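Colleague: Before I use any of these labels, I want to see how each one was reached. Please show the structure and start with the terms.

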Amino acid sequence: MTHADDAPEPTLAVLLARASTRVSDGQAAVACGTGIAATAAVLLFAPDWWRVALATFTLAAFGTAIVAARSHLRPRLAHAIHVTTLALGVMATFALGLSLLTRVLGIWIS
C-alpha cells in the first residue's frame with residue numbers, strides 16, 4: 001500500500017528553488033546589493049560583529065544566485081555562478097549556525 005504521505009521530504013535545494021520562484025527580480029537584486037553593502041560595512045566598521053556579517057553574506061549569496069539563475073549569461077557561466085554562490089551561502093549559513101551553537105554551549109557549560 002502506498003500512501004500520499006510516504007513521499008520523500010523535499011531537500012534543501014528543492015525548498016530554495018521553490019522560494020526563489022516567489023521572489024521578484026527586483027527583490028533578488030536588492031537582496032544581493034544590500035547583502036554585499038551590509039557585509040562590507042560590518043567587516044570594515046565593526047569586525048567584532050562577524051556573525052552579523054555571515055548572515056548578511058548569506059543574504060547576498062542567495063540574492064546573487066537568483067540573479068545568476070535568471071540572467072541572460074551564457075548557460076555554463078550562469079550555472080557556475082549560481083552553484084558557486086549557493087555553495088558559499090550554504091557554507092556561511094553553516095558557519096553561522098555552528099558559531100551560535102558553540103557560543104550557546106560555551107555559555108551553558110560554564
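Modeller: Buried means under 20% relative accessible area, and exposed means over 50%. The model is a predicted one. By that cut-off, the buried residues of helix H2 are Ala28, Ala31, Cys32, Gly35, Thr39 and Val42.

Colleague: What puts these residues on the same side of H2?

Modeller: They cover an arc of only 120° around the axis, and therefore lie on the same side of H2. In general, an α-helix has 3.6 residues a turn, so residues three or four places apart point the same way. On the other side of H2, Asp25, Val30, Leu44 and Phe45 are exposed.

Colleague: How do you know that the span of H2 is close to the expected one?

Modeller: H2, residues 25-45, has 21 residues, and at 1.5 Å a residue 30 Å is expected. From its first C-alpha to its last, H2 reaches 30 Å.

Colleague: What covers the buried residues of H2?

Modeller: The cover includes helix H3 (50-70). Thr56 is in H3, and Thr56 touches Gly35, Ala38 and Thr39, leaving aside residues up to four places away in sequence.

Colleague: Why does Thr56 count as buried?

Modeller: Its relative accessibility is 16%. The cut-off is under 20%, so Thr56 counts as buried.

Colleague: What makes the pairing of the Thr56 and Thr39 side chains a polar contact?

Modeller: The limit for a pair of N or O atoms is within 3.5 Å, with one able to donate a hydrogen and the other to accept it. The two side chains are joined at 2.7 Å, so the pair qualifies as a polar contact. The Thr56 side chain also reaches the backbone oxygen of Ala53, at 3.0 Å.

Note on methods. Residues are numbered from 1 along each chain as its sequence is written. This is a predicted model: local features need pLDDT of at least 70, side-chain atom pairs count only at pLDDT 80 or more; totals for chains, interfaces and linings use all residues. Side-chain values use heavy atoms; hydrogens and water are left out. Helices (H or I, at least four residues) and strands (E, at least two) are DSSP runs, numbered from the N terminus. The expected span of a helix is 1.5 Å times one less than its number of residues. Buried means under 20% relative accessible area, exposed over 50%, partly exposed in between (1.4 Å probe, protein chains only). The arc is that of the directions from the helix axis to the C-beta atoms. Contact means heavy atoms within 4.5 Å.
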